[in-house]
Every structure is written in C-alpha cells, then in structure tokens.
Amino acid sequence: MAKHNQNATQATRRARAVERKVLVRKPGRAASEFGPKADRLVSARQRKRLERRSALEAITGNGVISACVMIIAAVAAVVCANTDLYFPLHEWFARPVVIGIGGWEFSLTFELFVNDFLMAIFFLLVGIELKYEMTVGELRRPRQALLPMLAAVGGVVVPATIYAVVNRGGAVSGWAIPMATDIAFALGVLSLLGSRVPPALKVFFSTLAIADDLLAIAAIALFYGHAPQLGWLAAAAVATAALAALNWRRHFGVAPYLTLGLVLWFCLYQSGVHATLAGVILAFTMPARSDINARVLVSWVESKLPELDDRFDDEAHILGQHDFTHAVYGVERVMHRVTPPLQRLEHRISTPVNFIILPLFAFVNAQVRLVGVDVMTLVADPVAVGVYLGMLVGKPLGIFGVTYLMVRTGLAELPQGVRWPHIAGMGILGGIGFTMSILIAGLAFTQIPAELLAAKTAILAGSVSAALIGLVFMHFACAENGKKSLG
C-alpha cells in the first residue's frame, strides 16, 4: 500500500510539472508574490502595472487560449479563402521579403518566410521541450517513458501505413501527413476536462506527443528535403560544431547562440535540407545548466546584504549612490545567470510562438478554397481519404494497439490510475495533427496544388473530428474520476 501511494504521489507531481510547463506557463511574478514587504518595495502604480503584467502572462501562458487563437486564425483563413479576399491575399503571400547588406541581397516570399523562418522558431520551442524532457522530464527515465514512446511509434506507423495503402500507386509521398500530433491543440483540448483527467494520464499523453514530434522532425529531415548541396551542408556542419563548442566551453550568454543559429538556418536553407531543423539543433546545443552554483547562492546573497545595507544612504538620491547601485548591479548580474540559457530563451519565445507565429502559420497555410471545386470529388480523393482515415482511425489503432500489446505481454504496465478507456481516448486525441501535418503536406505536394488542397481539407476535417470525438469520449471515460474528485 505504501508503494502504491508513493507511485501515485510521484505521478501527481510529474503531472503538475507537465501542466506548469506545457499548459500554464507563468514566467513572471505578481507584485504580491515578492514577499510580505511588497507594498513598501514598489509604488502603488508600479504594483498595479506588475499585477496587470502577471494577469497578461497568465492569459498568454494558458494552452487553451493559445489553441483557441490558432483555431480562430484557421477559421479566418478558410473564410477569406472562399471570398474575394483570396486573390489579394494570395498575391501578398507571394511577395518577396528582401534582406540586403551592401550589394548582397537575400529574398524569399512571405509564405516561405513564415513556413521556413518563423517556423524554425517554433521548432526551436519544440526542441527546448524535447531537451527539457530528456534532461529532467519523463524521457530521462527510459523505463517509465518506454510505454508512451512505443505507443507514439504505433501512432506513427499505422496512420502512415493506412495512407500508403489507400494511395498505393498514387500520391504516396504524403505518407507522413497523418502521423503527427499537434501537442498544443491536443493538450489544450485535454485541459478542458480539468481535474477529471488522471494526473498520470497527462504525463503519459505529454510524453507520447513529444515523442511523436521527435518522429515527425526525423521524417521531415530524412524524407522531405530537396537534393542536398554538399558545400552548404558542410557550412551547416561547421555552424553546428561552433554551437557545440560554445556549449562545451560553458558559454552561458544567449546572443552568440542565436547568431550562430541564424547562420545555421541560412546554411540549411541554401543546402536543400528543410531549414526549420536549425531550430531543433539550436535547442539541443543551448546550455541547460546554470553557471551559478545554486547550492551556495542563498548564503552568497545573505553575505551581500550587510554590504548593501552599509552602502545605502537613506537621505541621498538614488542617482548619487554609486557604491550602492554598483553593489546592486553585481548582485543583479549573478541572479540573472542563475536561470539556464535554455530556460531564458524559452521565456522569450513561448508567447510570440503561441500568439503570433502559430496563428500566422495557420492563417497562411489553411487557405482552403472550395469555390468552384467539386466537393464530392475532393472528398473521394485518395489523398483526402488516406489523411482523414490515418488521423481518425490509424492514430487510435496504433496508440491503443501498441499499448495493449506491451501491457498484455508483461513488458510494461499502465500508469497509476489509468484505464483502457483513457488510452483509447488518448488515441483519438492523438489524431489532432494540425500544425505539423499542414507543414508536411506543404513539403509533400509543393508542385501539386490539387493534392495539397485535398490534404489540407482532410487535415482540417480530421483535426476537428478528432478534437470533438476525443473530447466527448474522454468526458465519459473520465466521469468516474470526476465523481471521485467531487467526493
């Protein structure tokens, strides 16, 4: 019984960590959290400003809200695509974005700027999530992560197989489209069920979705690039080696990594390999440690307090207290370096990614124009059928099937408090594949507009269907947990 309670407690702690990290990011602190002397520490106006900023961070850090913003952007894209706005928007997306230095110029269309450059920042955030899980999360415990990771493999292989069978002899290049799970959407839908979802199930699904992202990234890298140019690939390898050298030499500033990351992106873009992979490489070379010894930090700060107290003059203006501000600046520099560069970068880019980059990507890429299109022909298109069935049938079959096989053969056990209906519901929600699926569709059918339209239509329909069916299914599957929590 003691071991059972200990496992449940550990699962709860892991789930709460997942919720803090993925669903509700709160990098800032309200003035009321500064301590008992907060009223005297800042002015009333500054305190209200900090409280407003804290409220804004709570909103921007909420996974449900960010998912809703992306849905609104996708709906707006579909509406605009089927009105007269489609043509000026399409023309504007095709306009070049030009960067020039002296006589040198580099240009790419606005659509490519969004899909290749801005999405590299999204992949940077995905890479940070992966490194977090491999450093302090579930992926650092191979035994505990084995079941959801293998379930993710099943959720990749079965949808891809269904697509390939439906499209045998045809547009088979889109096999990877239905294999991706959109972690932001899926976790946003799951969070709507609140405390009724078992904590261990949230950990299971988060690990599964992250492993799924890793497999999707590998598919993009291996199968959806152009013919590589060895010279630019060699330059990209040099940039990667320089990033690794910075990490090895324990350089903890963010700016040099971002500069080399930009160079790496340019080299990959010119090489023919999909340039968004630069974000993942940059994330994995960013230091996840601090150059400050946290064990002695508190005692060091306490040793500085008498010095600050001695140098402070209560009667002098702060501008004239050079010794005091110099001492405070020294403490500031140390405290700033406590947070690892990887975490500092995540705090900087998470809100722009969730509220600017992903909605912009959804608006640009969800331009599904059905005017003048034979809907029945579109629905019967093998690409649309393969994608839709892969997402809505293949995902749950693959995830549930591998999990069932692993548990029944004794190679793994279901997490504490997780039942088979929960696994089935997770499989359905795994069919939400909006962001990654649209990205892969654009890579698979660059020169085939009709197949791209069929793929995007099926992605939108499949994601909406998986979200609605999964939410209803999980509502009933988690009803018993809801009754227990109320009791």
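These are my notebook entries on one protein chain, taken from a predicted model.

**Entry 1: the whole chain**

I started with the overall make-up. I found 21 helices and 2 strands in the protein chain. Next I looked up burial: of the 487 residues, 45% count as buried. Then I checked how far apart contacting residues sit along the sequence. Taking contacts in the protein chain with a separation of 6 or more, I got 80% from residues 24 or more positions apart.

**Entry 2: the two strands**

I went to the strands next. Strand β1 covers residues 96–101 and strand β2 covers residues 104–109. How many bridges join β1 and β2, and in which sense do they pair? I counted 6 bridges, and the pairing is antiparallel.

Then I looked at the turn. The hairpin of β1 and β2 has 2 residues between the strands, and Gly-102 in this hairpin takes a positive phi near 65°.

I also wanted to know how covered β1 is. Hardly at all: among its 6 residues, the count of buried ones is 0. A reminder to myself: in a regular strand, side chains alternate between the two faces of the sheet.

On to helix pairs. Two packed helices are described by the angle between their axes and the distance between the axes, so I looked up both.

Helix α6 is residues 110–135 and helix α15 is residues 341–365. Their axes come within 9 Å and cross at roughly 140°. An angle over 145 degrees would count as roughly antiparallel, so α6 and α15 are oblique to each other instead. I put the crossing of α6 past α15 down as left-handed. What kinds of residues make up this contact? I got 18 nonpolar, 4 polar and 4 charged residues.

**Entry 3: α10 against α12**

I noted a right-handed crossing as α10 passes α12.

Which residues meet here? From α10 I listed Thr-240, Leu-243, Ala-244 and Asn-247, and from α12 I listed Ile-281, Leu-282 and Thr-285. By class, that contact holds 4 nonpolar and 3 polar residues, with no charged ones.

Conventions
Residues numbered from 1 in each chain as written. Predicted model: local features only at pLDDT ≥ 70, side-chain atom pairs only at ≥ 80, totals over all residues. Heavy atoms only, no water. Buried < 20%, exposed > 50% of the residue type's maximum accessible area, 1.4 Å probe, protein only. Helix = DSSP H or I, 4+ residues; strand = E, 2+ residues; numbered from the N terminus. Pairing = 2+ DSSP bridges. Axes fitted to C-alpha atoms, helices over the stretch in contact; angles between N-to-C directions. Parallel < 35°, antiparallel > 145°, perpendicular 65-115°, else oblique. Left-handed = near helix turned anticlockwise from the far one by under 90°. Nonpolar A, V, L, I, M, F, W, Y, C, P; charged D, E, K, R; others polar. Contact = heavy atoms within 4.5 Å.
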